[in-house]
Amino acid sequence: MSNEPISLAKALASFDALWSPRIVTRVNDYDVRIAKVAGEHVWHVHEDTDEFFLVLDGELHIALREPAGERTVLLPRGAVFTVPRGVEHKPHAPSGAAILMFEPTGTPTVGDRHDDIPDHVDATTGHPLAT
């Protein structure tokens, strides 16, 4: 990792793939990841870790399946939200967004359990497959 400041704008400009987070730095045993997102991700759950989201640009919606029922949180630019471990969730960004996530190193973007993954996505990492 770099010991120099990192421009998130430059890092985001360096790729176009959607729902394919890039690690920009590490803090102890955690990855700081950025991603461009648009449309819908898959329902998934992280059994052993919370998932932190910061919206850098655009608006992110996160549908949650909680004991009291299903709800959606709306995160405008500059908002943060943490999905607690064990809560099934589905991020989506109807108009697109840029996000920053903070997760333990090695956490798959599709969680430990998830809905069917489209054919163009790697089932292990959750990243789009090369075409």
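Predicted model: local features only at pLDDT ≥ 70, side-chain atom pairs only at ≥ 80, totals over all residues.
Biologist: What does the secondary structure of the protein come to, and in which order do the elements run from the N terminus?

Modeller: The protein has 1 helix and 9 strands, and from the N terminus on the order is α-β-β-β-β-β-β-β-β-β. Of its 131 residues, 41% count as buried.

Biologist: What makes β1 and β2 a pair of strands?

Modeller: Pairing requires at least two bridges between two strands; β1 and β2 have 5 bridges, in the antiparallel sense, and therefore they count as paired. Thr25, for instance, stands opposite Val32 in β2. The two strands form a hairpin with 2 residues between them, and Asn28 in the turn has a positive phi of about 55 degrees.

Biologist: Why is Asn28 called exposed?

Modeller: The relative accessible area of Asn28 is 75%, and since the term applies over 50%, Asn28 is exposed. Its place is in the loop between β1 and β2.

Biologist: How many aromatic pairs does a search of the whole structure find, and why is the pair of Tyr30 and Phe102 called stacked?

Modeller: The search finds 1 aromatic pair. The ring centres of Tyr30 and Phe102 are 5.0 Å apart, with the planes at 5 degrees; because rings pair if their centres lie within 6.5 Å, and planes under 30 degrees apart count as stacked, this pair is stacked. It links distant parts of the chain, with Tyr30 in strand β2 (residues 30-40) and Phe102 in strand β8, 72 residues apart.

Biologist: Why are Tyr30 and Phe102 described as partly exposed?

Modeller: Tyr30 has a relative accessible area of 34% and Phe102 one of 30%. Buried means under 20% and exposed over 50%, so each of these values lies in between, and both residues are partly exposed.

Biologist: What makes Ala93 a buried residue, and where is Ala93 found?

Modeller: Ala93 is found in strand β8. Its relative accessibility is 0%, and because the limit for buried is under 20%, Ala93 counts as buried. Ala93 and Val37 are 56 residues apart in sequence, but 6.4 Å apart in space, C-alpha to C-alpha.

Biologist: How many cavities of 30 Å³ or more does the structure hold, and which elements give two or more residues to the lining of the largest cavity?

Modeller: The structure holds 1 such cavity, and the volume of the largest cavity is about 80 Å³. Its lining includes Trp19, Val37, Glu51 and Phe53, with Ile99 and Met101 also among the residues. The elements that give two or more residues are β2, β4 and β8, and the largest share, 3 residues, comes from β8. By class, the lining has 8 nonpolar, 3 polar and 1 charged residues.

Biologist: How do you know that the charged end of Arg65 sits over the ring of Trp43?

Modeller: The charged end of Arg65 is 3.7 Å from the centre of the Trp43 ring. The distance limit is within 6 Å, and the charge must also lie within 35 degrees of the ring normal; the distance meets its limit, and the arrangement is assigned as a charge over the ring. Likewise, the charged end of Arg22 sits over the ring of Phe15, 4.3 Å from its centre.

Terms used. Residues numbered from 1 in each chain as written. Heavy atoms only, no water. Phe/Tyr/Trp six-rings, centres within 6.5 Å; stacked < 30°, edge-to-face > 60°. Helix = DSSP H or I, 4+ residues; strand = E, 2+ residues; numbered from the N terminus. Buried < 20%, exposed > 50% of the residue type's maximum accessible area, 1.4 Å probe, protein only. 1 Å grid on protein atoms, 1.4 Å probe; cavity = no way out; pocket = protein on both sides within 12 Å on 5 of 7 lines; lining within 4 Å. Points joined across faces, edges and corners; volume = space filled by probe spheres on them. Nonpolar A, V, L, I, M, F, W, Y, C, P; charged D, E, K, R; others polar.
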